[in-house]
Amino acid sequence: MTKTLLAGYAAAIPQVLVLMVSPLLSSLGSYYLILSSFILKLVLAIGMFCIGSSQVYILMLFFVLDMSIPAGVFELFVLPLSDIIHAAMNRMPISTTVYGTNALFTKPAQSLAPMIILKILSMYGYRDSGMGDQAATIAQSPQLGQVMFLLLCGIPIAISLLQIWLWLQYTLRRPVNH
């Protein structure tokens with residue numbers, strides 16, 4: 001039941017987020033909204049790390065928000081991407097290069113990340129038998145539970161820091177008025 005609720009919330013919240021931030025989009029611009037979402041993800045991950053894994057309901061809320069914020073922001077990402085392409089077109093036509101580079105980094109990362117995480121977890125005793133007995137595995141190995149929590153908080157912290165640093169490299173900071 002809990003898995004179903006988490007999946008449902010994670011699918012619905014991004015759509016609600018897009019609707020909620022639409023008024024801010026015209027006043028602040030997509031650049032600042034996307035940057036704010038990266039900062040919010042960082043703050044939430046650091047906060048969750050400080051709270052610890054013992055607060056299960058807060059952990060579930062963090063999990064839903066950590067899945068929902070990037071999905072909601074991705075809906076807005078086409079706006080600054082088109083601005084970047086438009087600015088680059090004035091210098092030289094590279095729109096396919098931008099999209100190709102985006103695909104080059106995002107697609108392999110989406111494919112490799114689960115395999116890397118599974119390898120890390122298996123080093124600490126994780127065994128996926130497909131029978132749903134992961135809770136027993138975690139109870140047998142407290143170190144596995146700690147590693148899972150560190151990955152749950154550490155990956156969003158690292159990715160958020162990287163996203164913030166990369167996003168600050170762009171100069172698309174003013175909202176475009178048509």
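**View 1. Helix α3 packing against helix α7 in this predicted model.** The two helices pack at about 40°, with their axes 12 Å apart (axes are lines fitted to C-alpha atoms over the stretch in contact, and angles run from 0 to 180 degrees between N-to-C directions). That makes α3 oblique to α7; angles under 35 degrees count as roughly parallel, over 145 as roughly antiparallel, 65 to 115 as roughly perpendicular and the rest as oblique. On the α3 side you'll find L59, F62, F63 and D66, meeting F149, L152 and P156 of α7 (contact means heavy atoms within 4.5 Å). By class, that's six nonpolar, no polar and one charged.

**View 2. Helix α2 alongside helix α7.** Here α2 (residues 30-51) and α7 (residues 142-167) have axes that come within 9 Å and cross at roughly 150°, so the pair is roughly antiparallel. The contact includes F38, L42 and F49 from α2, plus C153, I157 and W167 from α7. Sorted by class, this contact has 18 nonpolar, two polar and one charged residues.

View 3. With 0% relative accessibility, S68 counts as buried, a label for anything under 20% relative accessible area with a 1.4 Å probe, with over 50% being exposed and partly exposed in between. A polar atom of the S68 side chain lies 2.7 Å from the backbone oxygen of V64.

**Notes.** Residues are numbered from 1 along each chain, and side-chain values use heavy atoms, leaving out hydrogens and water. Because the model is predicted, local features need pLDDT of at least 70 and side-chain atom pairs count only at pLDDT 80 or more, while totals for chains, interfaces and linings use all residues.

Notes. Polar contact = N/O pair within 3.5 Å; in protein donor to acceptor, adjacent residues only side chain to side chain. Helix = DSSP H or I, 4+ residues; strand = E, 2+ residues; numbered from the N terminus. Nonpolar A, V, L, I, M, F, W, Y, C, P; charged D, E, K, R; others polar.
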